[in-house]
Every structure is written in C-alpha cells, then in structure tokens.
Amino acid sequence: MSATAINIMRNFSIAAWLCTAIQSSAADTVTLRYGQIPSTVRSVSTLYLFIAQQKGFLAREGVKLELVPIAGGTDKMVAALDRGAVDVTQTATPYLIRAALSGSDATAIAGETANPVYSLIVKPQIQSFAELRGKTLGLSLPVDTISISMRKLLALNGLGEGDYSVKELVGTPVRFECLKRGECDAVPLGQPEDFIAIDGGYRRLGVSTDAVAAFQFQVIAARRAWAQTNKDAVVRFVRGLAAAFRFIHDPANRGEVATAIVELTGSSDQIARQTLALYFEPDRGVVPKQAEIDLKGLAQVIAFMGEGGAITPPLPQPERFVDLQYLRAAGAQ
C-alpha cells in the first residue's frame, strides 16, 4: 500500500473518530431545568451562572440549562422543586431549612452566595441611625437572612425592633422602588443597586457584614432522590459551576468579570469594578471559591433562625440539609 493511501486511510479514521466523539458528546448532553428567583436574574448574585454559560464551562460538561423563573421568588423555590417543576434551584438557606424540617426531600448540593454584602440605603436627608426612629424600613420576610442581618445592624447601632415600622418586600428591585417612591425611608440593597442608589444621591448608613461576619446565604438545591438517580449529570453541573467561581476569583480575569457584570446588570463599568472591589479588596467571602458549602456558615443561619423563633430547640445540625457527595466528586469541597 502506498504512503498516500495510508495517509488517506489515517485521515479517514481520524475524521470518523472525531465524528463519533462529537455524536457521543451530543448524545450525552443533559438539559436541567434551573429554578431562578426572578428578582435576581439581572443581579450580581447570578454572575456565576452568566459566566458558566458565557465561558462555556457548562457546555464543556455537556450540560444545558433551561432557566425557569419561579413566580413569587425566594420563599417559593423549594416548593417548585418538590412539585417537580424544576430539577435544581437556587434558594436562600432559611427556606430550604424550614422546608426540609417540614418533610421536603430537598437538599443543598452546591454553594452560591456565601456572605452577601447588603447596604442599608436611606433617603438623602437621613444622616444617622438615630434618625431612623419612627421611620419605615423595607425589609424582606422575617425568616430571611437579609432581614436578620439588617435587624442586627440596627441593634448594633442602638435601634430595637419597636423603634421603626417594617414593610415586607421581597427582592432588591422591589425594595429599591419603595425607596424611590418615598414610601420607605431605608432599605437593604444588593449590588449593583446600592451603588446606583448612592450615585443617585441616596446615602449608605452601613452594611450587613458590619453586624454579621459570615453565614451561608444561598445554595443550589435538588431533591435527594432525583440527584442520586442523576448523579453523573449533577456532578457535571456542579463541576461547571465550580469552574465559573474559580474564574471569577482569579485576579487575572478581573477585567473580563467586570465586563460580564456590565452585560448582566446593565450597570456602568465603574459600578462593576466598585462591586468587585467591595467583594475582593479584601476578600469578604461573598463568592465561594469553587461552589463549596460552608457548614459553619450554615450553622450560623440555623442559630439565627433559632434566635428569631423560626425553628425551636433542639437546633438541627447543618449536615442534615446538605449532600456533599456531588461537590466532592467534582473536586470542589
């Protein structure tokens, strides 16, 4: 056989192998229905998801996401999981804990926002915490860690719960609108809305991390039975998210991450860079390094819930609400 013929056969074999590999990869692609809190869709808290898709970290794992906004948001996410409307979902930890204690099969499989920075933003004329006496604050639901951390911040600055009235408002955009309409005198805002508010003349009195050093704010959850049955897909999903978090943490990617924040939120490059500085200069533990779950931080949430009467003693251990096998299999815990 001539050298030319051998080369032709070799090239044909390589092409056939590539075609088979591509077909196999396509066949192995899994689509997961991912529950999203509507108020966070364009917030920095979903940056990891934006990066995971934009940079191809999920595609590399053969994972596609069908994003499913859950009407009502925050306190409805685990219910959507339980009824099979989604396969995996983001959720604030108090709601996962409360649901699991009531019999839900949901469990945390990866970490999302760990220790968020919420700014207490007030009307321009309010100069101090003392001036909030008799005023109306827009907080989240009582069980939410946003409300808990804000009440602790207020108490740290001399204000008890009887010193102000509360509107229960779920979601940073909703609270920001209350402030802009003048119906709220102060509200906790996440990023980038807090920087936008400050640029607009509103004042920041303090931040949640002044009162609460560390806790596990949000996680990604799945039903235990479903996750076990679909273990390979879950591990690939978690591995893709871990890669996105590592990308966000790498200082060499700071410019790309700032650009991604601009694209995701519609904020300015200046605000995007201010947000990253707030998170990483120094590192305040807002963003997990690789989707890990902080069990000590989860224990702190449980303690907060016990203090507020949302759950009664004896308080459960944080391990009850997590399944770390997928993070370990992905090399991320």
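Q: Is Tyr 118 buried or exposed?
A: The model is predicted: local features need pLDDT of at least 70, side-chain atom pairs count only at pLDDT 80 or more, and totals for chains, interfaces and linings use all residues. Residues are numbered from 1 along each chain as its sequence is written, and side-chain values use heavy atoms, leaving out hydrogens and water. With a relative accessible area of 12% (buried is under 20%, exposed over 50%, partly exposed in between; 1.4 Å probe, protein chains only), Tyr 118 is buried.

Q: How are the rings of Tyr 118 and Phe 217 arranged in their aromatic pair?
A: The whole structure holds 8 aromatic pairs (Phe, Tyr or six-membered Trp rings with centres within 6.5 Å; planes under 30 degrees apart are stacked, over 60 edge-to-face, the rest tilted). In the pair of Tyr 118 and Phe 217, the centres are 5.9 Å apart and the planes at 65 degrees, making the arrangement edge-to-face.

Q: How many residues apart in sequence are the parts tied together by this pair?
A: Tyr 118 is in the loop between strand 4 (106-111) and strand 5 (119-122) (strands are DSSP E runs of at least two residues, helices H or I runs of at least four, numbered from the N terminus). Phe 217 is in the loop between strand 9 (203-207) and strand 10 (218-223), so the separation is 99 residues.

Q: What is the relative accessibility of Phe 217?
A: Phe 217 counts as buried. Its relative accessibility is 5%.

Q: Which arrangement do Phe 176 and Tyr 202 adopt?
A: Phe 176 lies in helix 7 and Tyr 202 in the loop between helix 8 (193-199) and strand 9. Their ring centres are 6.4 Å apart and their planes at 75 degrees, so the pair is edge-to-face.
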